[in-house]
Structure formats: structure tokens, C-alpha cells
Amino acid sequence: MPAPAIRPWQPADRDAVGALIVGIQRGEFGLDIDLAAQPDLIDVEGFYGQGQGGFWVAEDAGRIVGCIGLRDIGEGEAALRKMFVTASHRGHAHGVAPRLLATLLAHAHAQASALRAIYLGTTDRFLAAHRFYEKHGFAPIAREALPPRFPLMAVDSRFYVRRLDR
């Protein structure tokens, strides 16, 4: 079975990405959130397509099974957002989550404007995500250590940073 393809987001992915994310947020973690509360998913191009940002999906047999976004927040800093992988594709030999993150990091390293740091916010409930981020070089930080331009979400309660070596 071939590994899911990692590719840039396309407008035709909007509904599938929204369904994937909201399904995980509500169904697995019991968060009281919907698509309307996530304007970045309504305007992916406007939110992630500016500056050094980007948004990528993992596609398996025509189905979106994962996604990740990078928002340029200025001054050489970016925010990792919306990293989600469907339960059926977590922990497999294909490594959807590590491959999504590797794609984002390769993009960040390739930017001529030299992004220096990537920040992220998540909820205390995503324990596996905490382990994943820490394993991949992200260090926990206090909310007060976030850049003032960081796009906070109401559910964010735990924060990380990864400095990019040049």
C-alpha cells in the first residue's frame, strides 16, 4: 500500500479539511467548536498563503487524512496551526504526521526571509500531540513568551516553540 501523498492545499480540499479537523476536535476531544469558530479554515488562502506561510494535506486514495498549516506572523516568526491526522492514519509505518511536519519544516528552512522560530498552541487534552512536538524539537513555553502577533485560539492552553537553525 503506497504512503499517502503530501501536497499543497487546494481550494477543492476546503470541505474535506474542515470535516477532518472538526470531526477530530469534537468527536475525539469533546471540544465545543465548529467550523464557523475557525476563520482560518474558511479563508485558508488568506490566512496561510501570506508571506512565508503555507498549508499542506495528506491524501490517501482521494481522501484527505491529514493536514498542517504555517502562518507567517512577521519578524522572522511563524505559527504552526491545524496539524491533524485521522485516527486511521496515526502511528502507521507511512508516518503521516512526521511527514507533514517535515514538509512544513523544509518549507520554513527554504524561505529566503529566514524564518527563525515556529510557535504553536494546542490544548492540554492533546497529550499525544505534546509528546510528538517535543520529540520533534519543540520546547514548551509559557503563554506570556509568545510573540504578540501569535494567533491565539480560545482552546489553546499549552504552547511550544522550535528555533530554526540556519
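## Contacts and model basis

Residues 24 or more positions apart account for 65% of the protein's contacts with a separation of 6 or more, a contact being heavy atoms within 4.5 Å. The model is predicted: local features need pLDDT of at least 70, side-chain atom pairs count only at pLDDT 80 or more, and totals for chains, interfaces and linings use all residues. Residues are numbered from 1 along each chain as its sequence is written, and side-chain values use heavy atoms, with hydrogens and water left out.

## Elements and overall dimensions

The protein contains 5 helices and 7 strands, in the order β-α-α-α-β-β-β-α-β-α-β-β from the N terminus. Helices (H or I, at least four residues) and strands (E, at least two) are DSSP runs, numbered from the N terminus.

The radius of gyration is 15 Å, which agrees with the value near 15 Å for a compact globule of 166 residues. This radius is taken over C-alpha atoms, and the globule rule is 2.2 Å times the number of residues to the power 0.38. Along the principal axes, the C-alpha atoms fill a box of roughly 40 × 35 × 30 Å.

## Surface and charge

Of the 166 residues, 47% count as buried; buried means under 20% relative accessible area, exposed over 50%, and partly exposed in between (1.4 Å probe, protein chains only). The protein exposes about 8000 Å², and carbon and sulfur atoms supply 54% of that area. Areas come from the Shrake-Rupley method with a 1.4 Å probe; for residues, only the protein chains shown count as cover.

There are 19 positive and 18 negative side chains, with the centres of the two sets 4 Å apart. Lys and Arg count as positive and Asp and Glu as negative, while His and the chain ends are not counted. Each charge is placed at NZ of Lys, CZ of Arg, CG of Asp or CD of Glu.

## Nonpolar cores

A nonpolar core is a set of buried Ala, Val, Leu, Ile, Met, Phe, Trp, Tyr and Cys residues joined through side-chain atoms within 4.5 Å. The largest one has 42 residues, of which V17, L80 and I118 touch the most other members. Elements that each supply at least two residues include α1 (14-28), β3 (63-74), β4 (77-85) and α5 (127-135). Helix α4 gives the most, with 6 residues.

Not counting residues up to four places away in sequence, L80 touches I68, G69, L70, L101, L104, I118, Y119, L120, Y133 and F138. A second, separate core of 8 residues includes Y119, L146, F150 and F159.

## Selected residues

T122 lies in strand β5 and is buried, at a relative accessible area of 6%. Apart from neighbours within four places in sequence, T122 is in contact with H130, V155, D156, S157, R158 and Y160. K82, in strand β4, is also buried, with a relative accessible area of 6%. Although K82 is not a glycine, its phi is positive, about 55°.

E75 is in the loop between β3 and β4, exposed at 60% relative accessible area, and has a positive phi near 55°. R116, in the loop between α4 and β5, is partly exposed at 47%. Beyond four places in sequence, R116 touches E75, G76, E77, R162, R163 and L164. R116 and W9 are 107 residues apart in sequence and 24 Å apart in space, C-alpha to C-alpha.
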